[in-house]
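Hi,

Here is the structure I promised to pass on to you. Have a look at it first, and then read my notes below.

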Amino acid sequence: MKLISHRGNLNGTNKDLENNPNQVDNVLSKGYDCEIDLYVRNKKFYLGHDSERYPINLDWIYERKKNLWIHCKNTEALETLFDHKELNYFWHENDTVTITSRGYLWVYVGKQPVKNSIAVLPEKNNEKIDGCIGVCSDIIERYK
């Protein structure tokens, strides 16, 4: 099962560390994948959930591409990544399911069960994850 840290959280939400590039590296060093929130403005790259908080560059993403699940937070991010087929990215708002660029079913909170999907924050609604191929969670260490 794929274990994906939601924004770099390991054992609960920590707004001060979410999407922090150093925390993402910490998560990856522990063997987890990581979902990140990406903005692109004027061809500059930023991590952050509600705004452009941490400047990064495309090289930073490519160095970690195998283990990143990139949530495009604005259309410029989506348009920019469209030409980068080796990256795993997606866009969603309140959809039941979206499909990532690598073909994974990314299922919105509260919409499980969906067979062969990634369950996002299943702990919020005590969702069953039987049949899922992965979990994205703020408490990912509890899924080990």
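This is a predicted model: local features need pLDDT of at least 70, side-chain atom pairs count only at pLDDT 80 or more; totals for chains, interfaces and linings use all residues.

**What I found**

Residues are numbered from 1 along each chain as its sequence is written, and side-chain values use heavy atoms, with hydrogens and water left out.

Which residue forms a salt bridge with Glu-63? The partner is Arg-64, and the closest N and O atoms of the pair are 3.3 Å apart (a salt bridge is a side-chain nitrogen of Lys or Arg within 4 Å of a carboxyl oxygen of Asp or Glu).

How many salt bridges does a search of the whole structure find? The total is 5. In one of them, Arg-7 pairs with Glu-18, with 3.4 Å between the closest N and O atoms. Both residues sit in the loop between β1 (2-6) and α1 (21-29), so this pair ties together parts that are 11 residues apart in sequence. Glu-18 counts as buried at 5% relative accessibility, and Arg-7 is buried too, at 11%. These two residues also belong to a network of salt bridges that links Arg-7, Glu-18 and Asp-37.

Another salt bridge joins the side chains of Arg-41 and Glu-52, at 2.3 Å from N to O. Because Arg-41 is in strand β2 (residues 33-41) and Glu-52 is in the loop between β3 (44-47) and β4 (54-56), the pair ties together parts 11 residues apart in sequence. Arg-41 is partly exposed at 39% relative accessibility, and Glu-52 is partly exposed at 28%.

**The whole chain**

The protein chain has 3 helices and 10 strands (DSSP runs numbered from the N terminus: helices are H or I with at least four residues, strands are E with at least two). Along the sequence they follow the pattern β-α-β-β-β-α-β-α-β-β-β-β-β. The radius of gyration is 14 Å, close to the 15 Å that the globule rule gives for 144 residues, so the chain is as compact as a globular protein of that length (the radius is taken over C-alpha atoms, and the rule is 2.2 Å times the number of residues to the power 0.38). Along its principal axes, the C-alpha trace spans about 40 × 25 × 25 Å. Of the 144 residues in the chain, 47% are buried.

Where is the cis peptide bond? Look at the step from Gln-112 to Pro-113, where omega is near 10°. Pro-113 is in the loop between β8 (105-107) and β9 (117-120).

Asn-116 is found in the loop between β8 and β9, and although Asn-116 is not a glycine, its phi is positive, at about 60°. At 43% relative accessibility, Asn-116 counts as partly exposed. Leu-121 also has a positive phi without being a glycine, near 50°. Leu-121 lies in the loop between β9 and β10 (134-137) and is buried, at 6% relative accessibility.

Enjoy exploring!

Notes. Buried means under 20% relative accessible area, exposed over 50%, partly exposed in between (1.4 Å probe, protein chains only).
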